[in-house]
Amino acid sequence: MLVLPLLVLAFAFGWGLDRVAGGIKNRSSDVISVRGTAQRNVKADAAVWRLTVTESGETAATALNKVAVGLEIVEKFFADNQVDDEAITLGSVSTYANKEYIDGNATGRILSFEATREITLRLDDVDKIATLSSDLGVVLSQGVQIYTSGPEYYLKSLTTLRPELLAEAMLDAQTRAQSLLQAVDANVGAVRGVSSGPFQVTAADSTDVESGGYYDTRSINKTVIATITVEFTNSANG
């Protein structure tokens, strides 16, 4: 009983494809728009690690002295792991008073003072900085109060990768266009327009993308994706 419906469906599909082919042949100036993509799995080649030493005390001077001691411990930790001084940048010192409030009203009494200072480590050796962050417990075990969200990993090579991936995406778009047009007995003609989409730099094999572009900084191993939309004219065969 299914034979007749299947025959009707096959006829309709063939008739529709024939009409598409005929339309393209009769309008050789038609334009086909195709999106091409290219991606590359790469490893980060630069890292930035920001750590903030935070200490409190009964006076501002006490808090500042504790921060200074904490920084010395952090710097010794880096030195013990053969980190060059040039890779380390110290930020400015900041202090503030923790004031007492009762029922939302300030009493004028200062409970304590807090002092902070940021230390930033920049290395091209991403594996080393990953190991250092894993070993931070050596510093914490000495009583240093540290806030950090972990290292950030970047691609300095992205400048070189961009044109390479765009060229690959262009070829991908051309291949896709040719596959589509061959189905209706036509060929890819001249390029009428090209527009590139934002680059997506995600963790390896991640699906995290955003319309305005995405840049993952948490992962060492990344996937860079380029997209491009190309408009081709078509030329009918025969």
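The structure holds 9 salt bridges, a salt bridge being a side-chain nitrogen of Lys or Arg within 4 Å of a carboxyl oxygen of Asp or Glu. The model is predicted, so that local features need pLDDT of at least 70 and side-chain atom pairs count only at pLDDT 80 or more, whereas totals for chains, interfaces and linings use all residues. Residues are numbered from 1 along each chain as its sequence is written, and side-chain values use heavy atoms, with hydrogens and water left out.

One of the salt bridges joins E152 to R50, with the closest N and O atoms 3.1 Å apart. This pair links distant parts of the chain, since E152 lies in strand β6 and R50 in strand β2, 102 residues apart; strands (E, at least two residues) and helices (H or I, at least four) are DSSP runs numbered from the N terminus. E152 is buried, with a relative accessible area of 17%, while R50 is partly exposed at 34%, where buried means under 20% relative accessible area, exposed over 50% and partly exposed in between (1.4 Å probe, protein chains only). In helix α5 (residues 158–182), R176 and D172 are 4 residues apart and therefore separated by about one helical turn, and these two residues also form a salt bridge.

Strand β2 (residues 46–57) is mostly covered, with 10 of its 12 residues buried. Strands β2 and β4 (residues 105–123) run antiparallel and are joined by 11 bridges, two strands being paired if DSSP finds at least two bridges between them. Strand β2 also pairs in the antiparallel sense with β6 (residues 152–154) over 3 bridges, where A47 stands opposite Y153.
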